[in-house]
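Biologist: I'm new to this, and a whole chain is a lot to take in. Could you pick one part, look at it closely, and then show me what else is worth a look?

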Amino acid sequence: METRKQKLPIGIDDFEKLRCDDFYYVDKTGLIRELLYNWGEVNLFTRPRRFGKSLNMSMLERFFSLDGDKHIFDGLEISKEDALCKEYMGKYPVISVSLKGIDALDYEMAYQMAVLQIKRVVNKVYYLLDSDALSEQDKADYRTLLDDHMPEAVFGSSFRVLSELLEKHYGTKVILLIDEYDVPLAKAHANGYYDQMISLIRNFLGEALKTNHSLKFAVLTGCLRISKESIFTGLNNLKVLSIADERFAEYFGFTDKEVRELLEYYGVMEHYDAVKRWYDGYQFGNVKVYCPWDVLNHCDRVRFAPDAQPENYWINTSGNDAVKRFIKRSANTTTKREIETLVAGGVIEKEIRQELTYPEIYQSVDNIWSLLFTTGYLTQRGKPQGRRMKLVIPNLEIRDIYVTQIMEYLKENVREDGETLNRFCDALQNGDAGNVERIFNGYLRKTISIRDTAVREELKEGFYHGVLLGILGVKTRWGVSSNREMGEGYADILVEPDTGEIGIIIEVKYAHDGNLGRACEEALKQIAHTRYEDDLEDDGVEKIWKYGIACYKKRCKVMLAEK
């Protein structure tokens, strides 16, 4: 009988729950040792979403907290560090908060949500009202932190005041953990109240981190490093540990060794190559890592559906707004070519600014390159030369996000270029293969093309197939179907203009060797062999145009076989 396996911790970011409820854990407790040996009073980790930031913060809280269960660290890496555990484990009051839930359409609602988050933290130490070490004034100060309508000045000083009260009560300094510190700023920028939110968060962090004499040390996490000038003014004790930093690189994300061990444990090692192609490839410092969210999700699927193909799990966790805006800003030829190079698996070199403010991010394409890097949509290769970095798309999952956004961009362009595309459709309906070819060639030259030598031929065909469907969408009254079952096979594209008298069958081929003529002939042979036209004839269609369309990079050839 097979031994029962531990549960996969998908979406579990509570360290104690993970350890107590028999979940599989990839041991990242070495982070604690490195933090204490490489001391920084205020440490900021910037990593993309879904790389284990919140779970690591929960781990830190449980390790240092006075009321933590020490046994949940038994057998883990940090338990080997006897001296560190004796000095630090369970020895400090910990203030821990996550700001990722502060997401509102206006500042007033966002502020109320922020107050609720602070109140949740303050409520956990309600016993301070009974503390003999606190004066009546101290207790009055504590009560102000429980007020639903606390003024912004009280909110700004809340963690400093709470730290001072905890130090008085316990006689020891406080550890402060702030997870996803930049989420309220991102939401504020998106919804038009950035200036108010930056002022609030600047005062809150300044009081908590800069003028807090009760602070032992602090850890913050986020996606972006917001520039010191806008938020960390005067915070000279800040140690920034970004994705380009060699320190702590292996503690966010799964290493190759960790992924192999996980797949072997669950008996799905045969999926290793696919997992590596789709979810590996991020370079943090000098270490290559996988996205944990994707690995766990895919492992969970293939355990029960061994034939399941890799899919894009990341795309469902975010709006991918950075890629979307980037594609839209790619009007110049240079940027289009750079995107094509990246999607084809190539490398480009760019100067990266890791310190930005949200208003700066979309001011220029150069800043968007930096955003794509810091948020994981691009990753580095090799060592940076100053600010200049060699950039690549990390894996097939992220490549799929680019391809999806490129296709969306092309569909939007179709709507803006109606006159040209109406001429294309007229030529298609009239059996004018020459004009179909001329207009389609012109259109391809303007698009961002997808030509990855590493992917299967049918995926390349899928790109051109998608472009054609986008163009045909301009005719809202036409019947257009894709991969429809007909006769003895599946037609690539079937078009039925609104006259009811004409049917159009299109077979798309990718000319992998550049021989467009031969690929066109193969497309027409496929139409003839599968007898796609039978269904159209049965419907009484009088005229059937059969097009073979071959594509290679930004060139195409069109041939027509008339019945």
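Modeller: Let's start with a word you'll need: a residue is buried when its relative accessible area is under 20%, exposed when that is over 50%, and partly exposed in between, using a 1.4 Å probe and protein chains only. What you're looking at is a predicted model, where local features need pLDDT of at least 70 and side-chain atom pairs count only at pLDDT 80 or more, while totals for chains, interfaces and linings use all residues. Residues are numbered from 1 along each chain as its sequence is written, and side-chain values use heavy atoms, with hydrogens and water left out.

Now find Leu176, which sits in strand β3 (residues 174–179); strands are DSSP runs of E with at least two residues, helices are runs of H or I with at least four, and both are numbered from the N terminus. Leu176 has a relative accessible area of 0%, so it counts as buried. Contact means heavy atoms within 4.5 Å. Leaving out residues up to four places away in sequence, Leu176 touches Ile95, Phe159, Ala208, Leu209, Leu215, Phe217, Ala218 and Val219. Take Ile95: 81 residues separate it from Leu176 in sequence, yet their C-alpha atoms are 4.9 Å apart in space.

Phe159 leads us on to a pair of helices, as it is one of the α7 residues that meet α5. Helix α5 (residues 107–123) packs against helix α7 (residues 152–170) at an angle of about 25°, with the axes 11 Å apart. That angle makes the two helices roughly parallel, a label for angles under 35 degrees. The axes are lines fitted to C-alpha atoms over the stretch in contact, and angles run from 0 to 180 degrees between N-to-C directions. On the α5 side, the residues that meet α7 include Tyr107, Tyr111 and Ala114.

Next, have a look at β9 (residues 348–351). Strand β12 (residues 388–392) pairs with β9 in the antiparallel sense over four bridges, where pairing takes at least two DSSP bridges between the strands. Opposite Glu349 you'll find Lys390 in β12. Lys390 is also among the contacts of Gln380, a residue of strand β11 (residues 379–385) that is buried at 1% relative accessibility.

Another one joins Arg62 and Asp67, with their closest N and O atoms 3.9 Å apart. Here Arg62 is buried at 13% relative accessibility, whereas Asp67 is exposed at 61%.

Conventions:
Salt bridge = Lys/Arg side-chain N within 4 Å of Asp/Glu carboxyl O. Parallel < 35°, antiparallel > 145°, perpendicular 65-115°, else oblique.
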